[in-house]
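Me: Let's go through this model together. Ready when you are.

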Amino acid sequence: MTRAGDDAERRDEEERRMALDLEPVILGALTRADARRCAELEAVLFDGDDPWPAVAFERELASGRNHYVGARIGDLLVGYAGISRLGRVALFEYEVHTIGVDPAYQGRGIGRRLLEELLEFADGGVVFLEVRTDNEAAIGLYRSVGFEQIGLRKRYYRVSGADAYTMRRGAQ
Ligand SMILES: CC(C)(COP(=O)(O)OP(=O)(O)OC[C@H]1O[C@@H](n2cnc3c(N)ncnc32)[C@H](O)[C@@H]1OP(=O)(O)O)[C@@H](O)C(=O)NCCC(=O)NCCS
């Protein structure tokens, strides 16, 4: 495409985003139809750390143990998050599997809303998660809702070799 074409496309995208900014963020169920968009966001958010392809989201969504939620502005999916119930009998424990917000919409409270929705699903249960030790934004978010660091997993992330903290939130 020509430079003028690129510029026009960028302007269109900017205008579309500005129009969307005026609309509220709505949380709701994540569906199979969202898998491709989730994979697109993953590729940006977890570049170099084994981002999930669409088929991984489809698999996650197919499991009755999992609870997935999406954040939308108009028809644009701007965030997603999922949690899994562990064990077969109560009292259940839970594990956060993923959470991500489109970089263009980060810092507006969407990640917190998504996480709160997952924690509602896990009401009364202990919740675990893994997070890269250098992921300050996510660690800040998790601490703010009661997660505490309980362990260090060396080279937890296979591709980058980065370390992870295991965090735990007691039953509430
Ligand atoms: C982590 C993530 C989901 C947070 O989403 P978000 O919509 O930007 O977060 P929010 O605006 O709801 O902020 C919630 C809290 O996160 C923390 N936080 C967010 N951005 C931060 C930053 N840049 N530095 C430090 N803390 C930050 C703060 O505690 C914040 O609370 P506050 O606004 O009351 O201070 C988002 O940064 C993201 O998608 N990151 C890439 C994917 C990822 O790392 N996922 C987690 C894998 S374990």
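Me: What percentage of the 172 residues in the chain is buried?
Reply: First, the ground rules: this is a predicted model, where local features need pLDDT of at least 70, side-chain atom pairs count only at pLDDT 80 or more, and totals for chains, interfaces and linings use all residues. Residues are numbered from 1 along each chain as its sequence is written. Buried takes 20 or more other C-beta atoms, placed from the backbone, within 10 Å of the residue's own. In the chain of 172 residues, the buried share is 27%.

Me: In which order do the elements of the chain run from the N terminus on?
Reply: Helices (H or I, at least four residues) and strands (E, at least two) are DSSP runs, numbered from the N terminus. There are five helices and seven strands. The order is α-β-α-α-β-β-β-α-β-α-β-β.

Me: Which element gives the most to the shell around the ligand?
Reply: The shell has 19 residues, with Gln 106, Gly 111, Ala 137, Gly 140 and Leu 141 the closest. Strand 4 (93-101), helix 4 (110-121) and helix 5 (136-144) each give two or more. With six residues, the top contributor is helix 5.

Conventions. A residue is near a molecule or strand if its C-beta atom, placed from the backbone, lies within 6 Å of it. A residue is buried if 20 or more other C-beta atoms lie within 10 Å of its own, exposed if 12 or fewer, and partly exposed in between; C-beta atoms are placed from the backbone.
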